[in-house]
Amino acid sequence: MRKKEILRKFSTLILLVLVVVFFSVMTDSFLAVKNGINILRQVSVLSILVVGMTFVIISGGMDLSVGSMLGLSGVVCAKLITEAGISPVLSILLTLLIAALVGTITGILIVKLKVPSIVITLGMMTVIRGLAYIISNGYPIYDIPDEVIYLGQGYVGVVPVPVIVMIVIVFFANFMLNRSYVGRYLYAIGGNEEAARLGGVAVKKIEVALYTISAFLAGVAGIILMARISSGAPASGTGMEMDTVTAAVIGGVSINGGKGKIIEAFIGAVIIGVLSNGLTIMNIGEYYQQVVKGIVLILAVAFDTLSNKKA
Amino acid sequence: MNAVLRLVNVSKTYPGVKALADVSLKIYPGEVHALMGENGAGKSTLIKIISGAIEPDCGEIFFEEVVYSKMNPILSQKLGIGVIYQEFNLVPELSVAENIYLGKKVNKGALLNRNEMVSKAQKIIDEFGIDIDVRRPVKELTIAYQQLVEIAKTLTNDVKVLIMDEPTAPLTNRETEALFRIVARLKEQGIAIIYISHRMEEIFEISQKVSVLRDGKYVDTKKIEQTSREDLISLMVGRTLNEQFPTVEKTVGSEALRVEGLCTKELLRNISFTLHEGEILGFAGLVGAGRTETVRAIFGADPISAGRIFVDNREVKIDKPKTGIRNGIALIPEDRKHQGALLEMSIKDNISFISVADISRGTIIDRKKDRNLAVKYIDTLKIKTPDINQKVKNLSGGNQQKVVLAKSLASKSNIIIFDEPTRGIDVGAKQEIYALMNELVSQGMAIIMISSEMPELMGMSDRIVVMHEGKITGEVSKEEMSQEYILKLASGYKEEIK
């Protein structure tokens, strides 16, 4: 009983350890500090998205628009810097503001129309992607200045800048979800919305705020991604929303709402990164990698469901 | 003539509750047999046993003189027992004909013979003397017509016993008349009808016999011409007050809450009453009378269409639960699982939930205060748990209810509304909740209590407001309280009494 409890509590971490051990045994070059940092850099964009997604899913919702927002924010930021001639700092702030605003609109639509969030965000996903293409005319925007590129490619000591941004966001979000009362409200809304409302929670306001935060974080991730690939590309982030949901679910976030932790969802993102990295080192192609990721998702969920049933 | 359905010494026990004890009943063909009793008297359990939805612990069921120790849903259907539940089993998108023949064979080879199905269905509906095109989807019909489709559905089975559970509850007066004509027609065809209703007028209008259940026990069966309203009411409530209610000296203080002319769009009409500090005000009424709706509207859970609310003689505008809470009102909802407890969350997180913003610095919860609050209420309410971090879903019903109470008490309210606070919990926990309520009023708080258990309501309340179909039909002081009087008011007999 006790053993089972521990197993369940740390199941995501155990899965990560298993995957790491597997690749360490199977390859020579996987287990190295440099590769570890490399993996963290690779998952930084995904992890930032996962934070927003975890908030939304815990409250019982779903945000499919984050992948498109990644593309839009990269394009908008690049356009502001290169063509509008606005200073990089101001451009970044403006981009984040626009991203947040779009998220607020998404949130208001969900709350006012009373349509499931998965449907509204599916619509927004298409709208936002379309906007990204319109703004960029369908072509990537180059000539990003070096100080902005630094956000995606720079280092502080040995640590890449995106990793620092990711760690700050993950730890701050984890702290707020665990320790602030708003965090507690999120779990309540996802677990039992009516009880939360009767408990005095302004459910609608919080829901709007959540989609705003999710879009804002997608904006942050989008700017980092743009800096990393040195261009604002309208197609970037296509399909990322699914990777984000996958990471959250591998990290034990319940798709039914009410359950999940930021830190574990983050580990879920790292597991996906480790899989990509390790399989690539093993010379296993992208097509096979997709199959493996899908299987890991199903296994993680199956383990979670089965261990919950027994208890 | 032999009885078509005969129950002999049927009993059913749920953990902690004797739902039915040794009930025997005879139902004859071509009669409308009314079944009456207060909420929780065992009517639902009885019909579930007849239809096979649940198994009796002991007793025998004779159907056309063949004995069965238990039914099951397929067998009961095959024998010709049909049930019209309060909630319909219709597929809204399908047509009337398709619904009537849902799951039944009207085949021509492997294909559905649509024409035959439509003409057969139309014939059944026409016999009702109503005008519905059976090719229309069910979702386009009114509730009353949907109910008739339900009835038609059971009739395709060559039904011999038709059970109707409060069929008129959702109907208007004219729709009710149409239903009664159909019931009369079915009766002439020799079908036995078991008719459950709270409405006295109906019982006297359509039934030939009436059987009364009380506390899971069979009380009596009367021919309708040999009984009266008063007779039936006393049969229904005739138990003695065997529960012990702690009596306390109360000092009723100043006015805590005044409601004037409260209306809602759906149900409530002109609800007015006052509540004082140190007082327990009871709300009596049948299911659907509007008691829960009243307290929900006052708390801010449902919108108000008209009326004024005064807290401590100050008019307040309450449009959401948050403002209700801010004005010192706490609601302990009737539906514990869906509205009260946060089952997936810990006891600690539940207890501090409403007041959590008050024990936070900025938005960060003060963990020590959070813990202390939980420990304090686990102690005062004697919540049995090894750990404050235990998930609420792992607790027993009584302890869950205490957690819900603690959540509201911790919010430091002065007006506390208990909606069916003792439903589904055992006797010991009930006593604890009574004691707690008395403790709260002795501290000067004002309590509203809704309960469908008369002895409990009369034992605890200082005054009782009685409701019927969204209106207040009377207010009863401690001296005037009697079950007969309250039940009369609850049945809507305002004028006859005073």
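1. A residue is called buried if 20 or more other C-beta atoms lie within 10 Å of its own, exposed if 12 or fewer do, and partly exposed in between, the C-beta atoms being placed from the backbone. By this count A:Asp143 is exposed, because 10 C-beta neighbours fall inside 10 Å. A:Asp143 sits in the loop between α6 (117–136) and α7 (146–153) of chain A, and its phi is positive, about 60°, although the residue is not a glycine.

2. Before going further, please keep in mind that this is a predicted model, in which local features need pLDDT of at least 70 and side-chain atom pairs count only at pLDDT 80 or more, while totals for chains, interfaces and linings use all residues. Residues are numbered from 1 along each chain as its sequence is written, and chains are lettered from A and ligands numbered from 1 in the order in which they are written.

3. Chain A has 14 helices and 2 strands, where helices (H or I, at least four residues) and strands (E, at least two) are DSSP runs numbered from the N terminus. The radius of gyration of chain A, taken over C-alpha atoms, is 19 Å, close to the 19 Å that the globule rule gives for 311 residues, so chain A is as compact as a globular protein of that length. The rule itself is 2.2 Å times the number of residues to the power 0.38. The C-alpha trace of chain A spans about 65 × 55 × 35 Å along its principal axes, and 51% of the 311 residues count as buried.

4. Chain B has 17 helices and 24 strands. For its 498 residues a compact globule would have a radius of gyration near 23 Å, and the 25 Å of chain B agrees with this. Along the principal axes, the C-alpha trace of chain B spans about 75 × 55 × 45 Å, and buried residues make up 45% of the 498.

5. Two residues are in contact if their C-beta atoms, placed from the backbone, lie within 7 Å. Among the contacts in chain A with a separation of 6 or more, 79% are between residues 24 or more positions apart; for chain B the corresponding share is 67%.

6. Which elements of chain A give two or more residues to the side that touches chain B? Overall, 18 residues of chain A are in contact with 23 residues of chain B, and the elements in question are α9 (181–191) and α10 (193–198) of chain A. The largest share, 6 residues, comes from α9(A). The residues on this side of chain A divide into 7 nonpolar, 6 polar and 5 charged, with Ala, Val, Leu, Ile, Met, Phe, Trp, Tyr, Cys and Pro counted as nonpolar, Asp, Glu, Lys and Arg as charged, and the others, Gly among them, as polar.

7. A nonpolar core is a set of buried Ala, Val, Leu, Ile, Met, Phe, Trp, Tyr and Cys residues joined through C-beta atoms within 7 Å. In the largest such core, which has 239 residues, A:Leu49, B:Ile417 and B:Ile447 touch the most other members. Helix α11 (residues 203–229) of chain A gives the most to this core, with 16 residues. Leaving aside neighbours within four places in sequence, B:Ile417 is in contact with B:Val295, B:Phe299, B:Ile329, B:Ala330, B:Leu331, B:Ile332 and B:Ile448.

8. One helix pair in chain A deserves a look in the viewer. The axes of α4 (residues 66–82) and α5 (residues 88–113) of chain A come within 9 Å and cross at roughly 145°, the axes being lines fitted to C-alpha atoms, for helices over the stretch in contact, with angles running from 0 to 180 degrees between N-to-C directions. Residues of α4(A) including A:Met69, A:Val76 and A:Leu80 meet residues of α5(A) including A:Ser91, A:Ile98 and A:Val102. By class, this contact has 11 nonpolar, 3 polar and no charged residues.

9. A second residue to check for its backbone angle is B:Asp22, where phi is near 50°, a positive value in a residue other than glycine. B:Asp22 lies in strand β2 (residues 17–27) of chain B and is partly exposed, with 14 other C-beta atoms within 10 Å.

10. B:Glu65 is in the loop between β4 (58–63) and β5 (66–68) of chain B, and it counts as exposed because it has 9 C-beta neighbours inside 10 Å. The C-alpha atoms of B:Glu65 and B:Asn2 are separated by 8.1 Å, although these residues are 63 residues apart along the chain.
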